[in-house]
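Dear colleague,

Please find below the structure that I promised to hand over, followed by some notes on what was found in it.

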Amino acid sequence: KGIWFIMKSLYVHVPFCDHICSYCDFCKVFYKEDWANQYLEALSYEIKDKSIHDDYDTIYIGGGTPSSLSLKQLDTLFKMLEPLSIQVKEYSIEMNPESINEDKIDLLIKYGINRVSIGVQTFHNSLLEKIGRYHTSQQAIECIKMLHAKGIEDINVDLIYGLPSQTIQDIDEDIALINDLQISHLSIYSLILEEHTILKNQDYQPLDDEADAYWYEHINQKLKEIGFMHYEVSNYYRQKPSLHNLVYWHYQDYDGIGISAHSLKNHHRLENTNSLTQYINHHYLKEDVLLSREDELFEKIMMGLRLVDGICIDEINQQFDIDFLKQYQHTIEKYRTLKMLEIKNHYLRTTALGMNYLNTILVDFLDDEI
């Protein structure tokens, strides 16, 4: 609680995947050894070219599937980031069960990586096949046990609900396994089909709003029963929240490197190219946007209302030199009356009901801009 402390954070994007899943629209490319080598060389160029030399509090290596890199390539990547990770408190990497092995885990430990996020999606093999995942439930369970055995306790698991033919019982079984496996952090998302994903092209219909709200409430209740704290729309923890993701949700500056990575720096949003060819040829920056005060204020609201704690009213007043409650009086009162927003201990936050209608609420905040 209270005013959030400032942290220095770095996001590193590794675009390679061994397979492309049927619901994915992230920036990714099939893994080829020489492409990956050229990519790592270009990543090293971007670090030098931007003269990135900060000691970061959090580093997050995401993708794609960073664990699709070979052992030697991972070693190259971690060595490159070593000078930036001297003071790191939370050092995360995303991995898929089929590309985790003991040697890779030993390498993580050698370089001080202390948090692993595993793309499980579901522990049901029939559902994994339907969404084009290549790991089995058993592989996921084994790699979690292997991480625990090697002393990595801070493990996040990604799950998805609303999958083709998935039942509430399937989700309950997944949550029971999460409990048995002593998982410390959980990200659980409703299946959203973006354009050009395989499932979208197959005309799969995801959950409607009403069904989605029912599943979401059910999941929240189940997780609460087994001791998970709900702290962001899709995120839950037992020991501690993800420090790196809190930097985004508190709308703080951060650095991003790699293909398609974003940075937020001194009122600028920097966006890297999505093209591997461009990136490998050292043309990494696609766009540099100067954000207006209105842009920043809205984005602060948009990110802050994702948090269960909500927006610290003192902090937003101080940061933007406004009277937040007065400026957005119309929208705030409307949704307080509808029991979707509430003010508690100088925080404006969504209620459990409001979480389901967050996008609608945000549209009204946008319209309420002066």
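In these notes, a residue is called buried if its relative accessible area is under 20%, exposed if over 50%, and partly exposed in between, with a 1.4 Å probe and protein chains only. This is a predicted model, in which local features need pLDDT of at least 70 and side-chain atom pairs count only at pLDDT 80 or more, while totals for chains, interfaces and linings use all residues. Residues are numbered from 1 along each chain as its sequence is written, and side-chain values use heavy atoms, with hydrogens and water left out.

Asparagine 114 is partly exposed, because its relative accessible area is 29%, and it sits in the loop that joins helix H3 (102-110) to strand E6 (115-121); helices (H or I, at least four residues) and strands (E, at least two) are DSSP runs numbered from the N terminus. Setting aside neighbours within four places in sequence, asparagine 114 has contacts (heavy atoms within 4.5 Å) with Lys89, Glu90, Tyr91, Ile152 and Asp154. Its side chain reaches the backbone nitrogen of tyrosine 91 at 2.8 Å, and a polar atom of that side chain lies 3.0 Å from the backbone oxygen of lysine 89.

Turning to helix H12 (residues 313-320), Ile313, Glu315, Ile316 and Phe320 are buried there. Seen down the axis of H12, these buried residues fall within an arc of 160° (taken from the directions from the helix axis to the C-beta atoms), so they line one face of the helix. Among the elements that cover them are helix H11 (293-304) and strand E16 (341-344). Just after H12, aspartate 321 takes a positive phi of about 50°.

Terms used
Polar contact = N/O pair within 3.5 Å; in protein donor to acceptor, adjacent residues only side chain to side chain.
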